[in-house]
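Subject: Structure handover and notes

Hi,

Here is the structure I promised to pass on to you. Have a look at it first, and then read on for what turned up.

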Amino acid sequence: MPQKATSSDRKSHPLAAAETRRLETLEKRYRNAARQQFESRVSYYHPITGGNYTSVTVRDQKTRWGSCSSRGTLSFNYRLIFAPPVILDYVVVHELCHLTHMNHSKDFWDMVASVMPEYKVCRKWLRDHGQELTLEAHMTKLGIPVSL
């Protein structure tokens, strides 16, 4: 039985052009799905948290799950689409609360807790499992080969 390719395998055995295009196409589809999910969840939680935002962007940030600019731009990491829904919701609530408190003060965390009392569990889940939120890991979990 052939072994599944791992991230370290791909570094030593680069993907063929067709495989790279396939992964790029899949990533684009997941980014679009993530955008829809983030916009939906922002619309759901925004009336609860208040504040003013100007736009929602979706990126593949290397070190952040989300951010909120002083101009009200909410940015989210598309890889959260691979997390349990409550984790995505936690990041949305976290960033929306920054519209009121642009810091991580006690007032900020109290506001997060008022909307999502279980936020500490979600935060810990992201610390423990965030590195697993990749397209390749998601495909492997579903039994879809990364390389053809």
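What covers the buried residues of α5? Before the answer, please keep in mind that this is a predicted model. The cover includes α3 and α4 (106-115).

The buried residues in α5, which spans residues 119-129, are Y119, C122 and L126. Looking down the axis of α5, you will find its buried residues within an arc of 60°, so they line one face of the helix. K120, V121 and R127 sit on the other side of α5 and are exposed.

The packing of α3 and α5 has an angle of about 105°, and their axes are 9 Å apart. Angles of 65 to 115 degrees count as roughly perpendicular, and α3 and α5 are therefore roughly perpendicular to each other. If you want to look at the contact itself, α3 brings V86, I87, Y90 and V91, which meet Y119, C122, R123, W125 and L126 of α5.

**The sheet**

Next comes the sheet, which is open and made of three strands in the order β1-β3-β2, with mixed pairing. At its edges are β1 (55-59) and β2 (66-68), each of which pairs on one side only. On average, and ignoring direction, neighbouring strands in this sheet are turned by 15° against each other.

The parallel pair is β1 and β3, joined by five bridges. Here S55 is opposite T73 of β3, and R59 is opposite N77 of β3. Helix α2 (residues 17-49) packs on the sheet and touches β1 and β3, with its direction at about 145° to that of β1. Helix α3 also packs on the sheet; α3 touches β2 and β3, and its direction makes about 155° with that of β3.

The antiparallel pair is β2 and β3, joined by three bridges. In this pair S67 faces S75 of β3. The hairpin of β2 and β3 has four residues between the strands, and G72 takes a positive phi near 90° there.

How enclosed is β3 by the rest of the structure? Four of its five residues are buried, so β3 is largely enclosed.

**R79, buried in a loop**

One residue I would like to point out is R79, found in the loop that runs between β3 (73-77) and α3 (85-97). Is R79 buried or exposed? Its relative accessibility is 13%, and since buried means under 20%, R79 counts as buried.

Which polar partners does R79 have? Its side chain makes a polar contact of 3.0 Å with the side chain of D60. Setting aside neighbours within four places in sequence, the residues in contact with R79 are D60, Q61, K62, W65, G130, L133 and T134.

That is what I have for now.

Best wishes

Technical notes: Residues are numbered from 1 along each chain as its sequence is written. This is a predicted model: local features need pLDDT of at least 70, side-chain atom pairs count only at pLDDT 80 or more; totals for chains, interfaces and linings use all residues. Side-chain values use heavy atoms; hydrogens and water are left out. Helices (H or I, at least four residues) and strands (E, at least two) are DSSP runs, numbered from the N terminus. Buried means under 20% relative accessible area, exposed over 50%, partly exposed in between (1.4 Å probe, protein chains only). A polar contact is a pair of N or O atoms within 3.5 Å; within protein, one must be able to donate a hydrogen and the other to accept it, and residues adjacent in sequence count only if both atoms are side-chain atoms. Contact means heavy atoms within 4.5 Å. Two strands pair if DSSP finds at least two bridges between them. Axes are lines fitted to C-alpha atoms, for helices over the stretch in contact, and angles run from 0 to 180 degrees between N-to-C directions. The arc is that of the directions from the helix axis to the C-beta atoms. Angles under 35 degrees count as roughly parallel, over 145 as roughly antiparallel, 65 to 115 as roughly perpendicular and the rest as oblique.
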